[in-house]
Amino acid sequence: MDARMKAGNHRPEVRLRGIAAAPGVARGPAYPLMRGMAIVSCEKVADPEAEIRRLEAALLATRQQISQLRDDVARKLNESEASIFDAHLLVLEDVALIDDVSKEVRRSGFNVEFCFQEVAQRYIEIFEKMDDDFLCERASDIRDVTGRVLDQLLGTQPERVGQAAQAHVVAARDLTPSDTAGLHDGGVLAFVTEEGGRTSHSAIMARSLDVPAVVGVKGLMEAVQEGDVLLVDGESGLIVINPTAETIEGYRDKELAIRTRRDRVLSEVSLPDLTTDGSAFSLQANVGDPAEMEDALAYCARGVGLYRTENLYLRLDGWPDEQVQYDEYAEVVKAAKGRPVTFRTLDLGGDKRLGDLADEANPFMGYRAVRLCLERPDVFRPQLRALIRAATHGPVQVMFPMISGVEELRRAKEIFRDVEAELAREGIRPAAPIRLGAMIEIPSAAAVAAELAAESDFFSVGTNDLVQYLLAVDRGNQRVASLYDPCHPAVVRTLIAIFGAAQDRGIPAAVCGELGGDPLWAPLLIGLGVHELSMTPAALPEVRFVLRHSAAPELRELAAKVVACADAAKTRALLQDFASAKLKLR
Ligand code: PEP
Ligand code: MG
């Protein structure tokens, strides 16, 4: 067992406060993550045989490492504790596993790390699904050993979130999008981070994993140690290190209340998107991985309102070619079974960085998203080709992130139409015309919303960035997190201007930032005239419940009150009162 998983020490209880980032309460052994985890990139190699020789060397080095460990443990503890490593050594001698990796390297021409990780994952999944407890446990042996081999191949000693032997609470200074992009392992009970705000990408990721999270916890990494137990209250933003029996008991009622509320909202998840007086709205899902489509459909999303295409790049830590992208996009369109999928073109940059993007002094204001794409046709065109090819399988919309003005939108659309014509010449045509939209997430775009609306088929408002740029508050910086306040009247007024420009032109405006999935904000947004909200799948039941229990005039009345209110605290109270009454929280 990993040493850090041995919970139950006698250190005193410590309480720390942070920002509630994803709802729910969870408790479990702390998994302090000192660094990011290994992300294995996929690359074509010139000499597959040389890759296989690297594998042999890595296996040999790992064997030596484990034998050494075995001897140490036998000396310091006893022979029976040491025998666990015999099972690990057997994994290294598994001819089938090694053969499969070699075959995969020769077949695909990809680097050995990538093939090794793919094959190992397949083996782990096979063993995990076995009914026999003994065989099931073998999965963790394989995970442990293959992780070591991967370390050898990569020449690193990375921490691997979600691969600990036991369910755990991840505590980290920060989880970058690259850390979390490949993280759909069931072992994570909750997240706590020292950095970050409610809309930092690690918080968004926690919500998409449907686990409680608290971010921006000052002093976290100094306070948490291996062996601690962590209680995470994602509702109030409290974390308790080594909670006493009394604290745990005190939390039972809260856990029960959360569970009851969840059951209640889930019981209505499959009902139509209609207010009590029959006015229609549409709740869609934000998705960043084909695996998330299952949750999106389970929670009855009417479509995908935001597909974050950059997540594939982050998962691979590289630049996938057209075919790799097409495979993922087509999988998503097919999984949506006729529901529309809105793909956002590549939004790399900012905190979503690939290894080979140069460092910048102000990355959030730098070489990001559509700016990068317009300069890199070698990146943009293959992505557009992949998207248009995927649209042969079902309805697709495409939107461009970080549009700052009309010129940029025109250039992006021009390239899109050119690629579309190129594919048409090859006989490839989308199943339905692809509508092109602009993301409105930069204040300058909001200021020229009328002009942008004239050239867009739809708007999608990225409130995460819009609030950040409007208020000049870094969305991931814990020190200024209290200033990141969407209730600021400037935000409300800017939203009104954007929605008004869309309405004047008769184009739909959706909201795909985190405010769309916030049960406090959803009633206001619908009251302001928005028809479509897109959110992390786990947020769908609660938002649907609140809106389904509201009447359209009531939502408009709420919006009118907020519009008339120039005070952030009062706006917050109005929104809180409205949602609480619907969820009967009081
Ligand atoms: C946003 O900015 O609101 C948005 C949806 O995009 P991201 O969070 O990926 O920047
Ligand atoms: Mg954004």
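How much space lies in the second largest cavity? About 70 Å³, in what is a predicted model.

## Ground rules

In this predicted model, local features need pLDDT of at least 70 and side-chain atom pairs count only at pLDDT 80 or more, while totals for chains, interfaces and linings use all residues. Side-chain values use heavy atoms, leaving out hydrogens and water, and residues are numbered from 1 along each chain as its sequence is written.

## The barrel

Let's start with a closed barrel of 8 strands, E9-E10-E11-E12-E13-E14-E15-E16, paired in parallel. Strands are DSSP runs (E, at least two residues), as are helices (H or I, at least four), numbered from the N terminus; two strands pair if DSSP finds at least two bridges between them.

## The cavities

A cavity is a set of points on a 1 Å grid over the protein atoms alone where a 1.4 Å probe fits but cannot get out; lining residues have an atom within 4 Å of a point. Grid points are joined across faces, edges and corners, and a volume is the space filled by probe spheres set on them. There are 4 cavities of 30 Å³ or more.

The largest cavity holds about 150 Å³. Its lining has 13 residues, with Ile-204, Met-205, Ser-208, Arg-308 and Asn-311 nearest the centre. Helix H8 gives the largest share, 4 residues. Back in the second largest cavity, with about 70 Å³ of space, 15 residues form the lining, and those closest to the centre are Arg-308, Arg-344, Glu-441, Asn-464 and Asp-465.

Key. Chains lettered and ligands numbered in written order. 1 Å grid on protein atoms, 1.4 Å probe; cavity = no way out; pocket = protein on both sides within 12 Å on 5 of 7 lines; lining within 4 Å.
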